[in-house]
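User: Could you take a close look at the place where the ligand is held? I'd like a connected picture that I can follow on the screen.

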Amino acid sequence: MKLGRTPDEKVRTPPGQRLTRGWPVLHAETIPPFDESTWRFRVFGLVANPFELSWSAFKGLPTVDLTSDIHCVTGWSKLDNRWEGVAFTEIAARAQPLPAVTHVVTHAPSGYTANVPLDVVMDDDVLFAWSHDGEPLQPKHGGPLRLVIPKRYFWKSVKWADGVEFLDHDERGFWEVRGYHNDAHPFAEERFSWQER
Ligand SMILES: Nc1nc2c(c(=O)[nH]1)N[C@H]1C(S)=C(S)[C@@H](COP(=O)(O)O)O[C@H]1N2
Ligand SMILES: [Mo]
């Protein structure tokens, strides 16, 4: 039997999406190894205070506990994901972006990147997460650390994040140069580059 959506689920599910209770795994590269002793998170670009953090230093930052929805451009949405980690604003406060900064690119070891305007990541629902629904983030889902940007399609949420770069211009990321929409709002169904104008 197929259960209908509750009114709450209806308003939270963007057009063209179906709800899933499972959690599909999608990525373009092979899962990178994680060595706690050599892992570094690099904050660089146009900031007054560029820095690098070890895994223990990253885990020592103030934490947040946030619940949000996932919307993948391939058509599945997963509601009520509980994330724990470090707020993007916490990283930005330490880095002090220069006034010229307009965009942010998050990096993974493979070279996978995703770009967003600065104001998108400065939202209070954006974090670098190491935990999902109370469990350590599994490697296949981006563990030890992934970005989570709930208000954009999920490809903007870089898995295995190991760095964030502050820029004074936009630079399209891995999927954004391969036919996917630069802005990626799920509720506006901004799926493909040809929709941009
Ligand atoms: N490093 C990296 N991050 C990535 C991807 C990827 O290929 N590499 N794929 C993106 C896409 S398209 C999606 S839908 C989500 C999938 O996350 P999940 O496998 O945890 O569901 O990760 C995003 N982040
Ligand atoms: Mo995706």
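Analyst: Happy to. Around ligand 1 there are 21 residues, and A28, E29, H141, R146 and K159 come nearest; a residue counts as near if one of its heavy atoms lies within 4 Å of the molecule. This is a predicted model, where local features need pLDDT of at least 70, side-chain atom pairs count only at pLDDT 80 or more, and totals for chains, interfaces and linings use all residues. Residues are numbered from 1 along each chain as its sequence is written, chains are lettered from A and ligands numbered from 1 in the order in which they are written, and side-chain values use heavy atoms, with hydrogens and water left out.

Now for the polar contacts (pairs of N or O atoms within 3.5 Å). A polar backbone atom of A28 lies 2.7 Å from an oxygen atom of ligand 1. On its own, ligand 1 has 530 Å² of accessible area, and the protein covers 98% of that (Shrake-Rupley method, 1.4 Å probe).

As for the shell's make-up, 14 residues are nonpolar, three polar and four charged; here Ala, Val, Leu, Ile, Met, Phe, Trp, Tyr, Cys and Pro count as nonpolar, Asp, Glu, Lys and Arg as charged, and the others, Gly among them, as polar.

Stepping back, the C-alpha atoms of the protein fill a box of roughly 55 × 40 × 30 Å along the principal axes.

Key:
A polar contact is a pair of N or O atoms within 3.5 Å; within protein, one must be able to donate a hydrogen and the other to accept it, and residues adjacent in sequence count only if both atoms are side-chain atoms.
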